[in-house]
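Subject: Structure for your review

Dear colleague,

Please find below the sequence and the structure that I am handing over to you. My findings follow directly after them.

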Amino acid sequence: MRAVIETDEGGTTKATILPPATVPEDDEARAWLEAQSLPPLVSMVLHGLSARCPVCGAGRLYAGYLRLVPRCSACKAPLGAVRADDAPPYFTIFITAHIIIALVVLSTRSSSLPIWSLIAMLVPLTLVVALLLLRPVKGATVGVMLSLGLIGAHRDGAD
Ligand SMILES: [Zn+2]
């Protein structure tokens, strides 16, 4: 977050918070996307799964654990304009739940472990699986969204 702090002649201080300068505007991002010939959807998903730019596969996708880089360092794709919101956590929970439920069913059928030991093993395993899946799932989601041209916060006609 950036802010501009100004003080006028009367001594009144005014602070203005500015949007991040490096994140491309929606219109700018759409214009970039429309001017490109994108790779096939499968290629974009595979690049996203490996935490690379879905468009070129060369630049990094993340600037942190889950924060997208504003622009790809290699092809200048406006990755910061893709707002995946709650989709990656939803898909991650969906996949993780299926893995953990399968393990619960298998472990209760094949062993006579007490329930507290299953909980002690499966709760940390659930967290680890979810945290490991979140980045590749978000990358794949960003790849699908870019392939479909889903950039920015508003849709056409939603204003
Ligand atoms: Zn790129």
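In what follows, a residue is called buried if 20 or more other C-beta atoms lie within 10 Å of its own, exposed if 12 or fewer do, and partly exposed in between, with C-beta atoms placed from the backbone. By this criterion, 21% of the 159 residues of the chain count as buried.

Residues are numbered from 1 along each chain as its sequence is written.

Confidence

The predictor's confidence in each residue is given as pLDDT, from 0 to 100. The chain has a mean pLDDT of 87, and 89% of its residues reach 70 or more. Confidence is lowest in strand β1 (residues 2–7), with a mean of 72, and highest in α2, at 96. Where pLDDT is low, the predicted coordinates should not be read in detail.

Overall arrangement

Helices (H or I, at least four residues) and strands (E, at least two) are DSSP runs, numbered from the N terminus. The chain contains four helices and two strands, and their order along the sequence is β-β-α-α-α-α. Two residues are taken to be in contact if their C-beta atoms, placed from the backbone, lie within 7 Å. Among contacts in the chain with a separation of 6 or more, 54% come from residues 24 or more positions apart.

Helix α2 spans residues 41–49, and Met44, Val45, His47 and Gly48 are buried in it. These residues lie on the same side of α2 because they cover an arc of only 160° around the axis, the arc being that of the directions from the helix axis to the C-beta atoms. The buried residues of α2 pack against α4 (115–148).

A nonpolar core is here a set of buried Ala, Val, Leu, Ile, Met, Phe, Trp, Tyr and Cys residues joined through C-beta atoms within 7 Å. The largest such core has 19 residues, and those with the most contacts inside it are Cys53, Val55, Leu79, Val82, Val142 and Leu146. Both α2 and α4 supply at least two residues each to this core, and α4 gives the most, with five residues. Apart from its neighbours within four places in sequence, Val82 is in contact with Leu68, Val142, Met145, Leu146 and Ile151.

Leu118

Leu118 belongs to helix α4. With 15 other C-beta atoms within 10 Å, Leu118 is partly exposed. Not counting residues up to four places away in sequence, Leu118 touches Val104, Ser107 and Leu113. The C-alpha atoms of Leu118 and Val104 are separated by 7.8 Å, and the two residues are 14 residues apart along the chain.

Positive phi values

Most residues other than glycine have a negative phi. Ala51, although not a glycine, has a positive phi of about 60°. Ala51 lies in the loop between α2 and α3 (87–110), just after α2. Ala51 is partly exposed, with 13 other C-beta atoms within 10 Å. Asp85 is another residue other than glycine with a positive phi, in this case near 50°. Asp85 is also found in the loop between α2 and α3. With 11 other C-beta atoms within 10 Å, Asp85 is exposed.

Yours sincerely

How values were computed
Predicted model: local features only at pLDDT ≥ 70, side-chain atom pairs only at ≥ 80, totals over all residues.
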